[in-house]
Amino acid sequence: MKSYRKEIWLEVPTRRAFINITKKIEACLRESGVREGLALVNSMHTTAAVFIDDDEKGLYRQYEMWLEQLAPVVATDPNDEDTIGEDIMDAHMKRQLMGREVVVAVTEGRLDFGHWENIFYGEFDGGRKKRVLVKIIGE
Amino acid sequence: MKSYRKEIWLEVPTRRAFINITKKIEACLRESGVREGLALVNSMHTTAAVFIDDDEKGLYRQYEMWLEQLAPVVATDPNDEDTIGEDIMDAHMKRQLMGREVVVAVTEGRLDFGHWENIFYGEFDGGRKKRVLVKIIGE
Amino acid sequence: MKSYRKEIWLEVPTRRAFINITKKIEACLRESGVREGLALVNSMHTTAAVFIDDDEKGLYRQYEMWLEQLAPVVATDPNDEDTIGEDIMDAHMKRQLMGREVVVAVTEGRLDFGHWENIFYGEFDGGRKKRVLVKIIGE
């Protein structure tokens, strides 16, 4: 069994962003030499997501509005010693809605995708460098 | 390491549907000959989900209403060149809520499930043939 | 290829709970002897979740309120023969929002985590003993 690991670093200057990382994962897969197996791609941060969807600008504008509706910035009590900052709670919720990770089949040395599938990184608390973990196992 | 891949085709005549595909996945597992490992089952479409839940009619009627509340059909601006069709945005959101894929343990040649676990395909933009990918690795 | 399986039993006396199970999964990983591979951790119940997030008390108080907003207790028609109990529907929905499973990379014999990542069990229909499945494959 072959095993491959890589951290991908992303510059995310804005607070929120959706970044297509498919080509970076494909490069990892080539480097790994794995032909048949599974690829795990996950955010290493608890306020960011990795998920699969179409690469369509309009889609991500809608997602941003929708996520703000379902997981708005929450007012928290600053006198509550267990509280977490009110500027961060919504980022955890948005990431739970979009998901931490994807597992993708590897077949004949390629990501085994349907026609419109792309891997996206979704940032909800950016403004600094962030990491995605790629782990590929197989033969 | 053994590796197995199969595309399962589903006829989905309606726009929305929930289809129990557990028996089809069990047939794949038998065909694979894998006794210990992991099975990945994912939708190959970005407007359909694969997830695990009980096989109870009443549950899926409730899910349909709930998903319509959380991810209703969205009015989009037809003059916006980046927009995606307003009849499709809700399908992407519903699929994100239900999830693209499941990973199931394979133990002693069977899907290693809790008592009520079944694998479902959730369609949110049907009316044609659709595909689910099954990838099993192990020994 | 090595393969390891264990059921973890949890006492969950309350209806709802969030329990940090990271140390239990780390103990499984040591027992497995796997150094490089993938670890699947999933709820064996359809009304409970396994997910990754920070270990911060304030976060889980907020999650509880948020999940109640997005997936409240649903009134169902008791004369509907397909209905499922109205005290249980919300638990299925809350679990779909938080997710059934996580897949974690195993690298050099440890869970390959970002700084704040912890594995949590989320219970939405407790009051009895519950099970989590751990399956680890690799070398």
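Let's start where two chains meet: across the interface of chain A and chain C, the rule finds 3 salt bridges, a salt bridge being a side-chain nitrogen of Lys or Arg within 4 Å of a carboxyl oxygen of Asp or Glu. Before you click further, note that this is a predicted model, in which local features need pLDDT of at least 70 and side-chain atom pairs count only at pLDDT 80 or more, while totals for chains, interfaces and linings use all residues. Residues are numbered from 1 along each chain as its sequence is written, chains are lettered from A and ligands numbered from 1 in the order in which they are written, and side-chain values use heavy atoms, with hydrogens and water left out.

**Stop 1: the interface of chains A and C**

Select A:Arg5 and C:Asp112. Their side chains meet in a salt bridge, at 2.5 Å from N to O.

Now widen the selection to the whole interface. Here 30 residues of chain A are in contact with 35 residues of chain C, where contact means heavy atoms within 4.5 Å. The size of an interface is often given as the accessible area lost when the parts come together. For chains A and C the buried area is about 2,600 Å², with 57% of it on carbon and sulfur atoms; buried area is the accessible area (1.4 Å probe) that two parts lose on being put together, summed over both.

The rule finds 16 residue pairs in polar contact between chain A and chain C, both residues at pLDDT 80 or more. A polar contact is a pair of N or O atoms within 3.5 Å; within protein, one must be able to donate a hydrogen and the other to accept it, and residues adjacent in sequence count only if both atoms are side-chain atoms.

Which elements give two or more residues to the side of chain A that touches chain C? Colour strand S1 (2-12), strand S3 (37-43), helix H3 (89-98), strand S5 (101-107) and strand S8 (128-138) of chain A to see them. Helices (H or I, at least four residues) and strands (E, at least two) are DSSP runs, numbered from the N terminus. H3(A) gives the most to this side, with 6 residues. By class, the side divides into 14 nonpolar, 8 polar and 8 charged residues. Ala, Val, Leu, Ile, Met, Phe, Trp, Tyr, Cys and Pro count as nonpolar, Asp, Glu, Lys and Arg as charged, and the others, Gly among them, as polar.

**Stop 2: chain A by itself**

Hide the other chains for a moment. Chain A has 3 helices and 8 strands, and along the sequence they follow the pattern β-β-α-β-β-α-α-β-β-β-β. The C-alpha trace of chain A spans about 55 × 35 × 20 Å along its principal axes.

**Stop 3: the interface of chains C and B**

Show chains C and B. This contact takes 30 residues from chain C and 35 residues from chain B, and the area buried between them is about 2,600 Å², of which carbon and sulfur atoms give 58%. The rule finds 3 salt bridges across this interface. To look at a salt bridge here, pick B:Glu117 and C:Arg100, whose side chains meet at 2.7 Å, N to O.

**Stop 4: a bridge within chain C**

Over all chains the count comes to 48 salt bridges. Zoom to C:Arg131 and C:Glu7, whose side chains form a salt bridge at 3.1 Å, N to O. This pair links distant parts of the chain: C:Arg131 is in strand S8 and C:Glu7 in strand S1 of chain C, 124 residues apart.

**Stop 5: the cavities**

How many cavities of 30 Å³ or more does the structure hold? There are 3. On a 1 Å grid over the protein atoms alone, a cavity is a set of points where a 1.4 Å probe fits but cannot get out, and lining residues have an atom within 4 Å of a point. Grid points are joined across faces, edges and corners, and a volume is the space filled by probe spheres set on the points.

The largest cavity holds about 560 Å³ of space. Select A:Gly99, A:Glu101, B:Gly99, B:Glu101 and C:Gly99, which lie nearest its centre among 33 lining residues. That lining has 18 nonpolar, 6 polar and 9 charged residues.

The second largest cavity has a volume of about 40 Å³. Its lining includes A:Phe18, A:Glu64 and A:Lys94.

**Last stop: B:Phe18**

Move to chain B, where B:Phe18 lies in strand S2 (residues 17-20). Leaving aside neighbours within four places in sequence, B:Phe18 is in contact with residues including B:Phe51, B:Tyr60, B:Leu67 and B:Phe124.

Note on methods:
1 Å grid on protein atoms, 1.4 Å probe; cavity = no way out; pocket = protein on both sides within 12 Å on 5 of 7 lines; lining within 4 Å.
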